[in-house]
Amino acid sequence: PETKLPKVGTTIFTVMSQLAAEHGAVNLGQGFPDFAVPERLVEALDKAMRNGLNQYAPSHGLPALREAIAAKAGRCYGHRPDADAEITVTSGASEAIFDAIHAVVRPGDEVIVLDPCYDCYEPAIELAGGIAVHVPLGSEGGDPADFAPDWSRISAAITPRTRMLMINTPHNPSGAMFGVDDIAQLTALLRDTGIVLLSDEVYEHIVFDGARHESVLRHRELRERAFVISSFGKTYHCTGWKVGYCIAPPALTAEFRKVHQYNTFCTFTPAQAAFAEMIGAEPEHYERLGAFYQAKRDRFREQLLTTRLQPLPVPGGYFQLVDYSAVSDLDDAAFCRWLTAEHGVAAIPLSPFYETPPAGQRLARLCFAKNEATLDEAIARLRAL
Ligand code: PMP
Ligand code: GLN
């Protein structure tokens, strides 16, 4: 019998982390920080567990955490969602993405995704019986390293069966960010349609050079039709805690919660209590996150210039794309395996983020959410290329 996900193998993040471990490589592949979570957060987690917050949380999330998320959104984006009717806490952004898709996508519905895109989108669409319609970022026939959305291309992909459009800003893997002009075009495109927007904003606080994150929450017309999804994993250096959330208008939230309650019901209660305390007590943490990562980005890029890898611009997020064409003519998957096995630095190829990878693209992704010593060791190895 045919399997349900014939195209799906093992995710590239697992593959490259295993290969990195096998070869003792510096792992700049899978995206995760190698430094400590804020002390206050660890203390708050410890306190929550000792105070007996060890049983199921309310399915929607601890009320104190939903209030903290609402207040933070108000402070950052000038719109305070209703904590009771519009916010649901999930097991990471991954669960929120899965739930949102399953809440609205029916068999035969089309969902537009912009390639390259994060690898969990399409399997969730397929499991819901939907059809992923891949539209490449960048303009037709243009530079494949241009990751700006081309709104006329996206518009051309819309059909009467389009149910959802998925966006991701700041973008994984490229770091590209939507500008106000993109928001204006997106708003015009969706007006008078029934298309639901899913906005993946997990890197919302990791933005550089004074740029502003164009959260969908800032824009009334868009947020009234959107699931806005984020994750504390990126903001608080704890990708393994898997706590995320979804903000959506009441009618969409009601549907979302139907899936969430039977998928996981709720997520890890002590961490919810810890974030509820941390968010309000130390707003400086997320306010300074851009500057914190910008220093890492700048130092890493400067060092990369002493190698034969060519760094692309990084407006946001914690990934650096490099063009390796001066070093090798291997395709990106083979290059990343070779780099890991022979030079001891693990990277992520871009092709798994595409339905049809651009021919001849020679790009790899390096994560710079690392201590200076880790990045220095990686650079020392990359200088040998
Ligand atoms: N979306 C994007 C763009 C991501 O990069 C990630 C995590 N790397 C996720 C979603 C999933 O986040 P979480 O780990 O909170 O499930
Ligand atoms: N989002 C992380 C990345 O892009 C990986 C998450 C995972 O391993 N599933 O590297």
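In the predicted model, the axes of helix α1, spanning residues 12–23, and helix α14, spanning residues 332–343, come within 8 Å and cross at roughly 25°. Because angles under 35 degrees count as roughly parallel, α1 is described as roughly parallel to α14. The crossing of these two helices, α1 and α14, is right-handed. On the α1 side the contact is made by Met16, Leu19, Ala20 and His23, which meet Cys336, Arg337, Thr340 and Ala341 of α14. Sorted by class, the residues in the contact of α1 with α14 comprise five that are nonpolar, two that are polar and one that is charged.

The domain assignment of the protein gives two parts, of which domain 1 consists of residues 12–30 together with 288–382, while domain 2 covers residues 39–282. The centres of domain 1 and domain 2, taken over C-alpha atoms, are separated by 25 Å. Across the boundary, 24 residues of domain 1 are in contact with 22 residues of domain 2. On the side of domain 1 that touches domain 2, at least two residues are supplied by each of α13 (289–304), β10 (319–323) and β13 (363–367). The largest share of that side of domain 1 comes from α13, which contributes five residues. In terms of class, the side of domain 1 that touches domain 2 divides into 16 nonpolar, five polar and three charged residues.

The shell around ligand 1 holds 14 residues, of which Gly92, Ala93, Ser94, Asn172 and Ser231 come nearest. Helix α4, which runs over residues 92–104, provides the largest share of this shell around ligand 1, namely three residues. Ligand 2, in turn, is surrounded by Thr11, Phe13, Gln30, Gly31 and Asn172. The shell around ligand 2 divides into four polar residues and one nonpolar residue, with no charged residue.

Technical notes. Residues numbered from 1 in each chain as written. Chains lettered and ligands numbered in written order. Predicted model: local features only at pLDDT ≥ 70, side-chain atom pairs only at ≥ 80, totals over all residues. Axes fitted to C-alpha atoms, helices over the stretch in contact; angles between N-to-C directions. Helix = DSSP H or I, 4+ residues; strand = E, 2+ residues; numbered from the N terminus. Parallel < 35°, antiparallel > 145°, perpendicular 65-115°, else oblique. Left-handed = near helix turned anticlockwise from the far one by under 90°. Contact = placed C-beta atoms within 7 Å. Nonpolar A, V, L, I, M, F, W, Y, C, P; charged D, E, K, R; others polar. Near = placed C-beta within 6 Å. Domains from an automatic or database assignment.
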